[in-house]
Amino acid sequence: MENRSTTMKKNLLTLFLILFSASAFSQNLLSIFGKANDFFYLLHEGKADSAHLFFAESEKSKVSVEDLRNLWQNVQSSLGKAQAIEVVQSKTQGEYYSVTVEGKFELADQTFLLVFNKSEEIMGIFLQPRTATYIKPAYVDTSAYVEKELYLKSGQHQLAAVVTTPKGQKNFPIVVLVHGSGPNDMDGTVGPNKPLKDLASGLASKGIATIRYVKRTLIYANEFNRPFTVKEEVMDDAKAAVELAKTVEGANVKAIYLFGHSLGGMLAPRIASSRSDIAGLLMAAAPARKLTDVIIDQNRYMFSLSKDTSVVGKERFNFIVNEIEKTRQLKAGTVKPDSIIMGLPASYWMDLNEYDQVATAQQLKQRMFIFHGGNDIQVSDTDYELWQSALSSKSNVLLKHYPLLNHLLSEQIEKSDGSQYQTASSVSGILVEDIARWIREKP
C-alpha cells in the first residue's frame, strides 16, 4: 500500500493547457490544480474528513464527510484502486471555475468535475460519463523494444523517466522528447491520448531509442510560485536528458536528437545553440512568433467559434486582447520580476521577449526537421510559414506540412474547438515513419 500511495502521489496531477486565455490565467492555476491534487490524494488515503475541509462553508452541510467517504468507496468498489488522477482542463463558468479531472483506476477510467469558487473552495464534485481509454497505435511492435524506468537527475531535482530502446541492436540513434506548455507527465497525456508515449514506442519499433520524463512543473509545482523562466521550466531538464542519453547502453552518442513539441519546439534552437552533442532537432508545432501573438490567435479563433456578434461579446474579446498585449511590452527593468502578468511572472515574459527562435535557428549547423499540422488550433499555419520563409533555403533543414494533423499530432478531418482531445487517437503513423526516415538519413 505504501508503494501504491507513493506512485499515486507522484502521478496525481497532470495539466495540459488546451488554450491560453485571459480567463484561464485570471486565477493561480497551479494553486487550484494543486488543491484538486491534494483533495483526491486525501480521498485515496482514506482521509475524507481532511478532504471535506476543501469545501466552501455553504456546501459542507450539503456534502458530509460520510458522503465523501461513501462516494470514494463506491467508485473504488466498481473500478478498483486509484492509480492516477490527472487534471486535463479548466473553464471559467460565470463566477466559478470548473476543473475536469480524469481518474485512472485498476479496472477503468472515471472523469470527475470539481467546481471552485473565486476563493478556491470546492462548491461541488460531479461524476462525468466514462472517458475513452488509451489505444496502442497499430504501428507499435511491443516485442521490438524494452523500457527501463529510472530517475533523471537535473541539479537538485529527480524526475521519473523512461528510456525506451530497441531490442538486440547497437549503435542506435536516441531522441530526447521535450514537452509543450504546462505541467505534463512523461507521456504528454491529454485525455486518452499519449503522444509522447506513441512517439517513443513507435520510434523504438523502428530501431530508434527515446528518453521521456515527467516535467518539473508537475513534480515541483511549489517552486514555480516565485519568479522563473523557461530555463527552469524546460531547458535545464532537457539538457540533463541529453546527458543521460550519452550513458544509454547501445546508443550512438553522435546521433542524439532533440524532439520539441509546441513550447518545447520553440525552445529547441535555444537548447541546441550551445551544444555540439545534439545532432539534430525535430520541431513539432513550434511557434515562430512571440508567445503573445500565439495566445491572441488562440483567443481569436475560439471567439470566432462562439459566433458572438454582440457588442458586449466584442468588448469582452477586445479587453482580453488588450490584457494579453501587456505581456509584449515587458522588458528587464520595466516591472518587478515577481509581478504576475496573465498568470505568469514578469520574469517569464521578459525572458521570452528577448528570445528570437527563428534567428537562433538560422545560425544552427545541426540538422532540423520542422513540421506542422493544418488542423492545429493552438499554433497556426502562420508560424509554419514563417519557419518556411526563413529556413527553406538552408540545406540542413527539412520542412513539411501535414494538412490533417492537430496539435497532438494525430489526424482529424477538420479544425475544431479541442474537444477531439478527449477521443483516443494516435500520433500519425505517417509522421512516425517520416521522423524515423529523417533520423536515419546520412547528413
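Student: At what angle do H10 and helix H13 pack?

Tutor: Start with the terms. Axes are lines fitted to C-alpha atoms, for helices over the stretch in contact, and angles run from 0 to 180 degrees between N-to-C directions. Helices (H or I, at least four residues) and strands (E, at least two) are DSSP runs, numbered from the N terminus. Here H10 and helix H13 (residues 346-353) pack at about 55°, and their axes are 13 Å apart. That makes H10 oblique to H13. Angles under 35 degrees count as roughly parallel, over 145 as roughly antiparallel, 65 to 115 as roughly perpendicular, and the rest as oblique.

This is a predicted model: local features need pLDDT of at least 70, side-chain atom pairs count only at pLDDT 80 or more, and totals for chains, interfaces and linings use all residues. Residues are numbered from 1 along each chain as its sequence is written, and side-chain values use heavy atoms, with hydrogens and water left out.

Student: Which residues of H10 and H13 meet?

Tutor: Contact means heavy atoms within 4.5 Å. From H10 come Leu263, Met266, Leu267 and Arg270; from H13 come Tyr348, Asp351 and Leu352. By class, this contact of H10 with H13 has five nonpolar, no polar and two charged residues.

Student: How many of the residues of H10 are buried?

Tutor: Buried means under 20% relative accessible area, exposed over 50%, and partly exposed in between (1.4 Å probe, protein chains only). In helix H10 (residues 263-272), nine of the 10 residues are buried, so the helix is largely enclosed by the rest of the structure. Among them are Leu263, Gly264, Met266, Pro269 and Ala272.

Student: Where does Arg270 place its charged end?

Tutor: A charge sits over a ring if NZ of Lys or CZ of Arg is within 6 Å of the ring centre and within 35 degrees of the ring normal. The charged end of Arg270 sits over the ring of Tyr355, 5.2 Å from its centre. Arg367 does this with Trp438, at 4.1 Å from the ring centre.

Student: What is the phi of Ser262?

Tutor: Most residues other than glycine have a negative phi, and most peptide bonds are trans. Ser262 has a positive phi, near 60°. Ser262 lies in the loop between strand S9 (251-261) and H10. Ser262 is buried, at 9% relative accessibility. Asn171 also has a positive phi, near 60°. Its loop runs between strand S6 (157-166) and strand S7 (172-178). Asn171 counts as exposed, at 54% relative accessibility.

Student: Which residues does Gly260 contact, leaving aside its neighbours within four places in sequence?

Tutor: They are Val178, Gly265, Leu282, Met283 and Ala284. Gly260 is found in strand S9. At 0% relative accessibility, Gly260 is buried.

Student: At what angle do the axes of H11 and H12 cross?

Tutor: Helix H11 (residues 291-306) and helix H12 (residues 311-325) have axes that cross at roughly 170° and come within 10 Å. That makes H11 roughly antiparallel to H12. The contact includes Ile295, Asn299 and Phe303 of H11, and Phe317, Ile320 and Ile324 of H12. Its residues divide into seven nonpolar, three polar and three charged.

Student: Where does Arg328 lie?

Tutor: Arg328 is in the loop between H12 and strand S11 (340-341). Arg328 is partly exposed, with a relative accessible area of 25%. Not counting residues up to four places away in sequence, Arg328 touches Thr292, Asp293, Ile296 and Asn353.

Student: How many aromatic pairs does a search of the whole structure find?

Tutor: Rings of Phe, Tyr and Trp (its six-membered ring) pair if their centres lie within 6.5 Å; planes under 30 degrees apart count as stacked, over 60 as edge-to-face and the rest as tilted. The search finds 17 pairs. Phe105 and Phe112 form a tilted pair, 6.5 Å centre to centre with 55° between the planes. Both Phe105 and Phe112 are buried. Phe224 and Phe228 form an edge-to-face pair, 4.8 Å centre to centre with 85° between the planes. Phe224 and Phe228 are buried.

Notes: Nonpolar A, V, L, I, M, F, W, Y, C, P; charged D, E, K, R; others polar.
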